[in-house]
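Please look over the sequence and the structure shown below.

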Amino acid sequence: MTLSTSPATALQTMRAGTPLVHCITNYVAMNIAANVLLAAGASPAMLHTPEESADFAAIAGALTINFGTLSPNWVDGMHKAIDGAQAAGKPWVFDPVAHYASPWRSGIARDLLARNPTILRANASEVLALGGGETASKGPDAGDEVVAAEATARALAKDLGGVVAVTGAVDFVTDGTRAVRIAGGSPLMPLVTAMGCSLTCLVGAYAAVLDDPFDATVGALALFAKAGDMAKDGAAGPASFQVAFVDALYNLQPAALETVALSDA
Amino acid sequence: MTLSTSPATALQTMRAGTPLVHCITNYVAMNIAANVLLAAGASPAMLHTPEESADFAAIAGALTINFGTLSPNWVDGMHKAIDGAQAAGKPWVFDPVAHYASPWRSGIARDLLARNPTILRANASEVLALGGGETASKGPDAGDEVVAAEATARALAKDLGGVVAVTGAVDFVTDGTRAVRIAGGSPLMPLVTAMGCSLTCLVGAYAAVLDDPFDATVGALALFAKAGDMAKDGAAGPASFQVAFVDALYNLQPAALETVALSDA
Amino acid sequence: MTLSTSPATALQTMRAGTPLVHCITNYVAMNIAANVLLAAGASPAMLHTPEESADFAAIAGALTINFGTLSPNWVDGMHKAIDGAQAAGKPWVFDPVAHYASPWRSGIARDLLARNPTILRANASEVLALGGGETASKGPDAGDEVVAAEATARALAKDLGGVVAVTGAVDFVTDGTRAVRIAGGSPLMPLVTAMGCSLTCLVGAYAAVLDDPFDATVGALALFAKAGDMAKDGAAGPASFQVAFVDALYNLQPAALETVALSDA
């Protein structure tokens with residue numbers, strides 16, 4: 001296995017640190033993302049305006065940027081936050097939601113990608129399109145399989161000098177050299193809005209406390225997959241699944257992560 | 001019956017199409033509206049800024065506009081989105097939340113209404129006030145009965161050349177000529193915030209796949225009413241009702257809609 | 001006891017009035033705060049833009065301001081709303097979320113505090129820092145115990161000529177002369193995002209219908225504490241707790257408040 005820190009140890013470390021995570025995320029995701037972080041053991045803070053985002057990114061443990069419900073003032077706040085995080089040596093995570101949805105959005109994504117995110121988390125359609133490929137999706141829901149985006153993800157990770165995580169039914173994480181797949185979760189997960197956005201924030205929580213962004217990403221994705229496994233039994237549909245999922249993040253003990261379906265790729 | 005497409009067939013058609021719905025809605029509603037659409041079988045996308053709203057409205061199946069938490073930049077984005085939708089021949093749905101709450105808001109509502117929405121969805125107080133009548137409400141919660149707004153709704157539908165839906169304990173839908181009432185749901189529904197806003201987005205999902213906006217509106221309202229019926233049994237209060245309601249949208253089969261309480265008006 | 005209106009009577013009065021509460025709150029809190037108010041018996045309205053906030057604050061029963069996800073345009077809307085509320089003789093409640101998180105935010109907090117809020121509701125870290133003290137927190141989660149902030153709260157209440165509520169495991173409310181402590185709730189409450197923000201809105205609902213802001217604050221906090229007590233038994237984690245909590249707000253009868261743990265301080 002290519003990990004130096006197992007998902008179980010990563011969870012213990014994250015909970016022990018209760019990292020303050022600066023989340024700039026979209027309006028749809030804010031509430032559920034904050035609840036995901038609190039349940040898992042981190043401390044989320046949502047603020048975005050350019051007047052304070054650099055100052056706050058410097059004192060938080062990590063910065064996460066998701067541009068779902070974008071507007072120009074928020075873009076300024078994102079760049080200022082990256083300035084603050086990078087000056088303070090803090091990792092930042094990028095989630096380019098539906099970056100192909102409009103020419104304007106595509107340009108913003110290119111500019112943010114040029115700021116060298118520590119970790120990129122996206123669905124298969126978003127990764128394919130970042131690599132210049134065709135995607136079956138026009139909006140935020142993925143229209144492609146993760147496996148179709150693996151080669152693009154490897155190339156992108158090398159270009160960025162960072163970690164790329166493609167999430168879906170089976171997740172793929174690579175830093176260009178190492179690569180793993182993580183299975184688990186539930187088919188109900190894509191029917192709950194902002195689960196991917198929440199996962200991006202959780203990746204930030206792990207990146208705040210672990211030195212290796214690859215291990216951090218795998219740790220966060222393993223926790224999400226296992227909590228999804230735990231939640232699906234009692235769920236009668238997407239809403240009761242969401243409740244059970246957040247409860248599972250809270251109740252999940254590190255030892256449970258020893259059975260997560262993790263394999264080298 | 002005045003419908004050419006039954007609610008059961010409408011639901012099948014909507015799910016088969018998984019329509020991409022461009023929702024410009026308020027901050028309170030965004031998360032629950034997205035979850036309602038995903039559970040019902042559609043694909044929601046929330047974005048609003050004038051830099052991209054016209055481009056995206058042109059590629060989505062329908063546009064929905066709700067102006068709950070309004071600000072000037074969003075108004076620009078709404079008008080640009082309508083430009084994009086109309087140029088591409090896509091339907092758009094208008095939800096004028098508490099348009100009487102301030103003189104500024106009333107003016108914005110008039111301007112948007114002048115853009116000829118395909119469908120107007122509102123509560124009784126909002127419809128009465130649009131017709132120049134008195135309303136018992138000052139905020140977003142309805143203070144009037146649907147029946148009191150039926151005549152205004154008929155007149156408004158004729159003026160607009162569109163469909164008007166007045167929702168409440170018994171809904172009323174008219175295109176100025178045809179009219180139906182739909183009963184069902186639960187008294188807990190008005191105690192869950194943004195249910196009406198979410199319904200507006202769902203009307204957009206149906207309008208994206210059905211040619212007749214009247215049938216589309218009735219289909220969406222019938223699904224909402226029946227899911228409300230299904231959810232009320234196990235609910236201990238508004239929050240458990242909301243969970244059960246979203247689960248019901250996911251589990252509801254078209255045949256269940258054959259018993260919805262639908263009558264010509 | 002220092003109260004002239006008991007929490008039981010206060011709840012009856014609030015429900016009888018169904019007060020319209022103008023809530024300017026952050027993006028994370030909007031949905032859950034609206035649901036808390038609806039379940040408890042009030043009528044929330046979320047709008048913020050300077051073009052209408054003064055007009056609406058004048059017709060609502062009370063105004064609440066929480067500046068979690070702040071930006072300059074919202075600050076203008078907050079000040080205009082205070083203008084409207086004060087001109088109409090309506091109470092306003094201030095919730096200075098993580099005001100120490102950046103120098104810019106601290107300045108905004110000072111300006112808003114200078115507008116003489118009727119009631120200030122905050123966690124212990126926020127109150128300590130407002131009094132010029134040190135706090136263990138950098139973000140929105142409290143890092144200090146309520147008891148450590150009681151003396152600061154008393155001094156602040158005298159300075160403001162208003163009520164100060166410090167909420168936590170045991171709440172403390174003072175108007176500079178009178179003071180009470182309220183115990184109850186659940187350790188899961190700080191793991192649900194925006195519970196404090198929602199409480200701020202609920203304080204506004206009580207302040208809209210009761211003449212004495214001290215009684216209003218104690219009434220709202222007593223309802224929150226008792227609903228937390230009721231919700232914790234069936235909860236499997238923070239998400240099922242939140243569902244049970246909102247249901248409890250809806251089901252709770254005034255007589256249940258006679259056993260709330262309230263004591264003079």
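Buried means under 20% relative accessible area, exposed means over 50%, and partly exposed lies in between, with a 1.4 Å probe and protein chains only. This is a predicted model, in which local features need pLDDT of at least 70, side-chain atom pairs count only at pLDDT 80 or more, and totals for chains, interfaces and linings use all residues. Residues are numbered from 1 along each chain as its sequence is written, chains are lettered from A and ligands numbered from 1 in the order in which they are written, and side-chain values use heavy atoms, with hydrogens and water left out.

By that cut-off A194(B) is buried, because its relative accessible area is 9%. Helices (H or I, at least four residues) and strands (E, at least two) are DSSP runs, numbered from the N terminus. A194(B) sits in the loop between strand 8 (179-183) and helix 8 of chain B. Its backbone has a positive phi of about 70°, although A194(B) is not a glycine. Most residues other than glycine have a negative phi. N116(B) is another non-glycine residue with a positive phi, near 60°. The loop that holds N116(B) runs between helix 5 (103-113) and strand 5 (119-123) of chain B. Is N116(B) buried, partly exposed or exposed? With a relative accessibility of 43%, N116(B) counts as partly exposed.

In chain B, E150(B) belongs to helix 7 (residues 150-160). E150(B) counts as buried, since its relative accessibility is 10%. Contact means heavy atoms within 4.5 Å. Leaving out residues up to four places away in sequence, E150(B) touches F172(B) and R181(B).

In chain A, the buried residues of helix 7 (residues 150-160) are E150(A), T152(A), A153(A), L156(A), A157(A) and L160(A). Viewed down the axis of helix 7 of chain A, these buried residues fall within an arc of 150°, so they line one face of the helix. The arc is that of the directions from the helix axis to the C-beta atoms. Turned away from the buried side of helix 7 of chain A is a face with the exposed residues A151(A), K158(A) and D159(A). The cover over the buried residues of helix 7 of chain A includes helix 5 (103-113), strand 5 (119-123), helix 6 (124-130), strand 6 (163-167), strand 7 (170-174) and strand 8 (179-183) of chain A. After helix 7 of chain A comes G161(A), with a positive phi near 65°.

In chain C, T152(C) lies in helix 7 (residues 150-160). Which residues does T152(C) touch, not counting those up to four places away in sequence? They are V127(C), L128(C) and G131(C). T152(C) and G131(C) are 21 residues apart along the chain, and their C-alpha atoms are separated by 5.8 Å.

Helix 1 (residues 7-17) of chain C has the buried residues P7(C), A8(C), A10(C), L11(C) and M14(C). Seen down the axis of helix 1 of chain C, they fall within an arc of 160°, so they line one face of the helix. These buried residues pack against helix 2 (30-40), helix 8 (195-209), helix 9 (213-232) and strand 9 (261-264) of chain C. Just after helix 1 of chain C, T18(C) has a positive phi of about 40°.

Two packed helices are described by the angle between their axes and the distance between the axes. Helix 2 (residues 30-40) and helix 8 (residues 195-209) of chain B pack at an angle of about 45°, with their axes 8 Å apart. Axes are lines fitted to C-alpha atoms, for helices over the stretch in contact, and angles run from 0 to 180 degrees between N-to-C directions. That angle makes helix 2 of chain B oblique to helix 8 of chain B, since angles under 35 degrees count as roughly parallel, over 145 as roughly antiparallel, 65 to 115 as roughly perpendicular and the rest as oblique. In this contact, I32(B), A33(B), V36(B), L37(B) and A40(B) of helix 2 of chain B meet S198(B), C201(B) and L202(B) of helix 8 of chain B.

The chains themselves are related by rotation. Chain B is superposed on chain C (RMSD 0.0 Å) by a rotation of 120° with 0.0 Å of shift along its axis, which is the relation of a three-fold axis. Copies are superposed by least squares on the C-alpha atoms of residues with pLDDT of at least 70 in both. Among the residues of chain B, Y27(B) comes closest to the rotation axis, with its C-alpha at 3.7 Å.
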